[in-house]
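Subject: Structure for your review

Dear colleague,

Please find below the structure that I am handing over to you.

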Amino acid sequence: MERILSDMDYDETGFMKEIKDDFRERLASMGIRKGKKIRMITRQPIKGPVVVEVDGCSTSLGLELAKQIIVKVDQ
Amino acid sequence: MKVLLMGHPNVGKSVVFNRLTGVDVVTSNYPGTTVEYSEGSMLVEGQEVTIIDVPGTFSLNFRDKAEEVAVNMLDKEKDAIVISVLDSSKMERGLYLALEIMEHGYPLVLALNMWDMAKHKGIKIDVDRLGEILGIPVIPTMATSGEGISELISSLKVAKPVNVKDVRERLGITT
């Protein structure tokens, strides 16, 4: 099943399947790129940022950035 | 000689800076912003070397004021040697920036900082192999305890620009 990163549930894991072109470089500099495993840690309320874990490090992403990433979530 | 310390925010650049310069620290405001950078100096074999602690940046495509300062500073110091400081437990993103700096033609030395943390997390890094692939000095450091700092200083004199194409070749990337 595919999901937009910002819609993922807490502790849900998956592999990043697609990142919208305009945001690819910016996210790559944060260690976030296609094919990598990702885990949702928290989603802050009121359109706040999401915090994800990639490579064992937590990274926070603004909601707009999180909407650019499509994740194939693990069942 | 001028040396720029560059890397992501919170990788320990300023700790490395303090180790290199001792107490001889000058802080100044970069015009037009509130972002501060520090400048200091040290002696390497009788030669005075200026060290600049550049604000943290994720990449050279700046997206905010602090990053813009960092990128402009790099652009201004065409003859500088760059010490790319990275968090050893966050290698990938650190290397992304290091390769960007390399692409801009600067001689580069890699400081794998927070080496103890990476070890603690069970991360193993083949330092020699990484140095071979990148063609630059790669030095594990623990800036808080001072480990690796003298090696970092002596590596400055062998730093030279590397063509990223050669790095790709060594990795067998053809596309």
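Among contacts in chain B between residues at least 6 apart in sequence, what percentage join residues at least 24 apart? The answer is 67%, where two residues are in contact if their C-beta atoms, placed from the backbone, lie within 7 Å. For chain A, 56% of the contacts between residues at least 6 apart in sequence join residues at least 24 apart.

Please note that this is a predicted model, in which local features need pLDDT of at least 70 and side-chain atom pairs count only at pLDDT 80 or more, while totals for chains, interfaces and linings use all residues. Residues are numbered from 1 along each chain as its sequence is written, and chains are lettered from A and ligands numbered from 1 in the order in which they are written.

Chain A

Chain A holds two helices and six strands; helices (H or I, at least four residues) and strands (E, at least two) are DSSP runs, numbered from the N terminus. Starting at the N terminus, the order of elements in chain A is β-β-α-β-β-β-α-β. A compact globule of 75 residues would have a radius of gyration near 11 Å, and chain A agrees with its 11 Å. The radius of gyration is taken over C-alpha atoms, and the globule rule is 2.2 Å times the number of residues to the power 0.38. Along the principal axes, the C-alpha atoms of chain A fill a box of roughly 25 × 25 × 20 Å.

The six strands form an open sheet in the order β1-β6-β2-β3-β4-β5 (chain A), with antiparallel pairing. Two strands pair if DSSP finds at least two bridges between them. At the edges of the sheet are β1 (2–4) and β5 (57–61) of chain A, each of which pairs on one side only. In general, strands of a sheet pair through backbone hydrogen bonds, either parallel or antiparallel.

Two of these pairings can be followed in detail. Strand β2 (residues 13–19) of chain A is joined to strand β3 (residues 37–43) of chain A by three bridges, and the two run antiparallel. A:Gly14 has A:Ile38 in β3(A) as its bridge partner. Strand β4 (residues 50–54) of chain A pairs with β5(A) over five bridges, also in the antiparallel sense. A:Glu53 is bridged to A:Ser58 in β5(A). β4(A) and β5(A) make a hairpin with two residues between them, and A:Asp55 in the turn has a positive phi of about 55°.

Chain B

Chain B contains seven helices and seven strands. For its 175 residues, a compact globule would have a radius of gyration near 16 Å; the 15 Å of chain B agrees with this. Of these 175 residues, 38% count as buried. A residue is buried if 20 or more other C-beta atoms lie within 10 Å of its own, exposed if 12 or fewer, and partly exposed in between, with C-beta atoms placed from the backbone.

In helix α1 (residues 13–21) of chain B, the buried residues are B:Lys13, B:Val15, B:Val16, B:Phe17, B:Arg19 and B:Leu20. They pack against several elements of chain B, including β4 (47–53), β5 (81–87) and β6 (108–113). Just after α1(B), B:Gly22 takes a positive phi of about 70°.

In helix α2 of chain B, B:Ala66, B:Val69, B:Ala70, B:Val71 and B:Leu74 are buried. Among the elements that cover them are β1 (2–6) and β3 (36–44) of chain B.

B:Ser155 lies in helix α6 (residues 149–155) of chain B. Why does B:Ser155 count as buried? It does so because 20 other C-beta atoms lie within 10 Å. Leaving aside neighbours within four places in sequence, B:Ser155 is in contact with B:Val109, B:Pro137 and B:Ile139.

B:Ile123, by contrast, is partly exposed, because it has 15 C-beta neighbours inside 10 Å. This residue lies in the loop between α4 (115–120) and α5 (127–134) of chain B.

Where the chains meet

Nine residues of chain A are in contact with eleven residues of chain B. On the side of chain A that touches chain B, helix α1 (residues 21–28) of chain A gives the most, with three residues.

Yours sincerely
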